[in-house]
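I opened my notebook to look a few things up in this protein. Here is what I went through, entry by entry.

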Amino acid sequence: LEFGGSYGFSVDKEDKRILEDEFQINTQILRTQYIFGGGLLWTPIYGKTQLPSGQVVYFDSFGTAQVGMTGINYTYEQCSDPPPDKADILPAKPAPQTKSYPTLTVGVGQKYFLTRDFGLRWEVRDYPFSYEKGDGSCTPDVAQGSEVHNNITLQMGASTFF
């Protein structure tokens with residue numbers, strides 16, 4: 001069994017700044033704020049290899065399948081408030097909010113045990129989830145259908161064992 005979570009923030013790219021500053025184009029971006037989940041980790045392959053120095057390195061390959069939640073932070077930067085003379089007929093700019101969506105996770109990776117108390121790990125995961133397209137629009141109350149989004153991550157780490 002494996003449980004995990006991530007919380008983060010988004011940094012805008014230079015391309016987004018150029019579109020906004022030079023062309024007055026405001027983009028709509030899905031900003032992942034958090035991901036958490038739990039599920040099964042299966043390790044079907046164990047192995048070892050000998051380096052030219054004579055050192056033996058043990059490794060295992062694994063796959064994971066999980067369920068969890070992904071939180072998307074909607075800032076509505078692309079929306080603007082209606083002019084004062086039309087404020088009674090046009091919708092106001094929505095307040096920023098974070099919405100949660102059920103998420104499935106699949107991934108593969110390997111662990112390398114370099115010494116008795118030190119190891120390295122790499123892993124690729126896909127976090128697909130279905131979201132309502134209208135949630136990020138300037139009129140979030142209007143249904144616009146749903147779409148699937150994939151957050152794909154490459155994780156690398158080091159571990160020490162006591």
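Predicted model: local features only at pLDDT ≥ 70, side-chain atom pairs only at ≥ 80, totals over all residues.

**Entry 1: Ser146**

Is Ser146 buried, partly exposed or exposed? I looked up the relative accessibility of Ser146, and it comes to 46%. Buried needs under 20% and exposed needs over 50%, so Ser146 counts as partly exposed.

Next I checked where Ser146 sits, and I found it in strand β6. I then listed what Ser146 touches, skipping residues up to four places away in sequence. I got Ser130, Tyr131, Glu132 and Lys133.

**Entry 2: aromatic pairs**

How many aromatic pairs does a search of the whole structure find? I counted seven. A ring pair is described by the distance of the centres and the angle of the planes, and I wrote down both for two of the pairs.

My other pick was Phe113 with Phe161. This pair is tilted, with 6.1 Å centre to centre and 40° between the planes. Phe113 is in strand β4 and Phe161 is in the segment after β6 (146-160), so the pair links distant parts of the chain, 48 residues apart. Phe113 is partly exposed at 26%, and Phe161 is partly exposed at 36%.

I also noted that ring pairs join Tyr101, Phe129 and Tyr131 into a cluster.

**Entry 3: the largest nonpolar core**

Which residues make up the largest nonpolar core? I found seven: Ile72, Tyr74, Tyr76, Cys79, Tyr101, Phe129 and Tyr131. Strands β3 (56-74) and β5 each supply at least two residues of this core.

Most residues other than glycine have a negative phi. I therefore marked the next two, using that general rule.

Tyr76 is not a glycine, yet it has a positive phi of about 55°. I found Tyr76 in the loop between β3 and β4, and at 1% relative accessibility it is buried.

Gln24 also has a positive phi of about 55° without being a glycine. Gln24 lies in the loop between α1 (14-23) and β2. Is Gln24 buried or exposed? At 61% relative accessibility, Gln24 counts as exposed.

Leu41 is partly exposed, at 26%. Apart from neighbours within four places in sequence, Leu41 is in contact with Glu2, Phe62, Gly63, Thr64 and Lys111.

I then looked at Phe62 and Lys111 together. The charged end of Lys111 sits over the ring of Phe62, 5.6 Å from the ring centre.

I looked for cavities of 30 Å³ or more and found one. The largest cavity has a volume of about 80 Å³. Its lining includes Lys16, Thr27, Asn73, Tyr74, Tyr76 and Gly136.

What is the volume of the largest pocket? I noted about 180 Å³. Of the 16 residues that line this pocket, Gly4, Gly5, Gln66, Arg125 and Tyr127 lie nearest its centre. The elements giving two or more residues to the lining are β1 (2-7), β2, β3 and β5. The largest share, five residues, comes from β1.

Methods: Residues numbered from 1 in each chain as written. Heavy atoms only, no water. Phe/Tyr/Trp six-rings, centres within 6.5 Å; stacked < 30°, edge-to-face > 60°. Helix = DSSP H or I, 4+ residues; strand = E, 2+ residues; numbered from the N terminus. Buried < 20%, exposed > 50% of the residue type's maximum accessible area, 1.4 Å probe, protein only. Lys NZ or Arg CZ within 6 Å of the ring centre and 35° of its normal. Core = buried A, V, L, I, M, F, W, Y, C linked by side-chain atoms within 4.5 Å. Contact = heavy atoms within 4.5 Å. 1 Å grid on protein atoms, 1.4 Å probe; cavity = no way out; pocket = protein on both sides within 12 Å on 5 of 7 lines; lining within 4 Å. Points joined across faces, edges and corners; volume = space filled by probe spheres on them.
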